[in-house]
Amino acid sequence: MSPAEADDDGPSGIHCRLDELLAARGMTLTRLSELVGVSVVNLSILKNDRARAIRYSTLSAICRALDCEVGDLLVRADGAD
């Protein structure tokens, strides 16, 4: 069984810090949606750690809009160092 298959019924071990980054920048999810061209619903799914996948182009656009790096947005949540 591949690691992706093992995670089908559980958390991915990745936490999205979108909420924290938005708050730090005084930006709303709606405004980010406008800047990135992704629906508020899809950003909300990402924000709440329910996303199963993300396109590199979307990830790049979010990081560009928030002036951050991928590692600022997505972090390991499984407690590993």
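I started at the end of α5, where D67 follows directly with a positive phi of about 50°. The model is predicted, and I kept that in mind throughout.

**Entry 1: D67.** I looked up its setting. D67 lies in the loop between α5 and α6. It is a residue other than glycine, yet its phi is positive. Is D67 buried or exposed? Its relative accessibility is 68%. The cut-off for exposed is over 50%, so D67 counts as exposed.

**Entry 2: D49.** D49 is not a glycine either, and its phi is about 60°. I found D49 in the loop between α4 and α5. Its relative accessibility is 37%, so D49 is partly exposed.

**Entry 3: the buried side of α5.** Which residues of α5 are buried? I listed T58, L59, A61, I62, C63 and L66. Next I checked what covers them. The cover includes the helices α2 (18–25), α3, α4 (40–47) and α6 (70–73). Strand β2 (74–76) is also part of the cover.

**Entry 4: α3 against α5.** Two packed helices are described by the angle between their axes and the distance between the axes. Here α3 spans residues 29–36 and α5 spans residues 56–66. Their axes come within 9 Å and cross at roughly 120°. That angle makes α3 oblique to α5. The crossing of α3 past α5 is right-handed.

I then looked up who makes the contact. From α3 come L32, L35 and V36. From α5 come T58, A61, I62, A65 and L66. I sorted these residues by type: seven are nonpolar, one is polar and none is charged.

**Entry 5: the whole chain.** I stepped back to the chain. It has six helices and two strands. From the N terminus, the order is α-β-α-α-α-α-α-β. How much of the chain is buried? Of its 81 residues, 28% are buried. The chain exposes about 5,500 Å². Carbon and sulfur atoms supply 50% of that area.

Last, I checked contact range. I took contacts between residues at least 6 apart in sequence. Of these, 61% join residues at least 24 apart.

Conventions
Residues numbered from 1 in each chain as written. Predicted model: local features only at pLDDT ≥ 70, side-chain atom pairs only at ≥ 80, totals over all residues. Heavy atoms only, no water. Axes fitted to C-alpha atoms, helices over the stretch in contact; angles between N-to-C directions. Helix = DSSP H or I, 4+ residues; strand = E, 2+ residues; numbered from the N terminus. Parallel < 35°, antiparallel > 145°, perpendicular 65-115°, else oblique. Left-handed = near helix turned anticlockwise from the far one by under 90°. Contact = heavy atoms within 4.5 Å. Nonpolar A, V, L, I, M, F, W, Y, C, P; charged D, E, K, R; others polar. Buried < 20%, exposed > 50% of the residue type's maximum accessible area, 1.4 Å probe, protein only. Areas by Shrake-Rupley, 256 points an atom, 1.4 Å probe, with all protein chains shown as cover.
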